[in-house]
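Colleague: I have a model open and would like to learn how to read it. Can we go through it feature by feature?

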Amino acid sequence: MAALDAIDRNILRLLRLDARRSNASLAADVGLSPSACLRRIRLMEQSGVIRGYTALVESANVETTIAVIINITLERQTEDHLDRFEAAVRKHPEIRECFLMTGGSDYLLRVEVANADEFERIHKEILSTLPGVSRIHSSFAIRNVLATKPKTRRRNKC
């Protein structure tokens, strides 16, 4: 596929916001006919610009779950080790996100748990059994700053 133009980039931006929107609505928003818009989407799918569509699943109760950020270091960083690790991660819906990283660890994972007991189970049954793992470092998030309203701070009057 040739380089993306402004219309293609606009289509991608709108699909990232809502991939389930109708083609007619998308076409109207980018200034194309529905057939021309669909043709561009199909070209982006065929060329691999659009690799697929997915569902973003919210936690059952966002306010009572604890996000755990996990840094994973592998024994080796060969293509085979990376592929085996990533294939294993995909089998566990408890792992909400997985990023291949640069820096001190090879992967950053995010899981959500209700309590420490649930995390202990995930650590024992999933994380410690992932192939090629040499180090696991976990941190519990206190609060998602961007998902909460700022607190109004009381000023001390002197």
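Colleague: Among contacts in the protein chain between residues at least 6 apart in sequence, what percentage join residues at least 24 apart?

Modeller: The share is 60%. Contact means heavy atoms within 4.5 Å. Before going on, note that this is a predicted model: local features need pLDDT of at least 70, side-chain atom pairs count only at pLDDT 80 or more, and totals for chains, interfaces and linings use all residues. Residues are numbered from 1 along each chain as its sequence is written, and side-chain values use heavy atoms, with hydrogens and water left out.

Colleague: How many helices and strands does the protein chain have?

Modeller: Helices (H or I, at least four residues) and strands (E, at least two) are DSSP runs, numbered from the N terminus. Here there are five helices and four strands. Their order from the N terminus is α-α-α-β-α-β-β-α-β.

Colleague: At what angle do the axes of H2 and H3 cross?

Modeller: Axes are lines fitted to C-alpha atoms, for helices over the stretch in contact; angles run from 0 to 180 degrees between N-to-C directions. Helix H2 spans residues 23-30 and helix H3 residues 34-47. Their axes cross at roughly 95 degrees and come within 8 Å. Angles under 35 degrees count as roughly parallel, over 145 as roughly antiparallel, 65 to 115 as roughly perpendicular and the rest as oblique. H2 and H3 are therefore roughly perpendicular to each other.

Colleague: Which residues meet there?

Modeller: H2 brings Asn23, Ala24, Leu26, Ala27 and Val30; H3 brings Pro34, Cys37, Leu38 and Ile41.

Colleague: Is Val30 buried or exposed?

Modeller: Buried means under 20% relative accessible area, exposed over 50%, partly exposed in between (1.4 Å probe, protein chains only). Val30 has 12%, so Val30 is buried. Of the 158 residues of the protein chain, 25% count as buried.

Colleague: What does Val30 touch?

Modeller: Leaving out residues up to four places away in sequence, Val30 touches Ile7, Asn10, Ile11, Leu14 and Cys37. Compare Arg9: 21 residues from Val30 in sequence, and 9.8 Å away in space, C-alpha to C-alpha.

Colleague: Now the strands. In which sense do E1 and E3 pair?

Modeller: Two strands pair if DSSP finds at least two bridges between them. E1 (residues 66-74) and E3 (residues 107-113) pair in the antiparallel sense, over seven bridges. Look at Ile70: the bridge partner in E3 is Leu109.

Colleague: Which residue in E4 stands opposite Asn71?

Modeller: His137 does. E4 covers residues 133-140 and pairs with E1 in the antiparallel sense over seven bridges.
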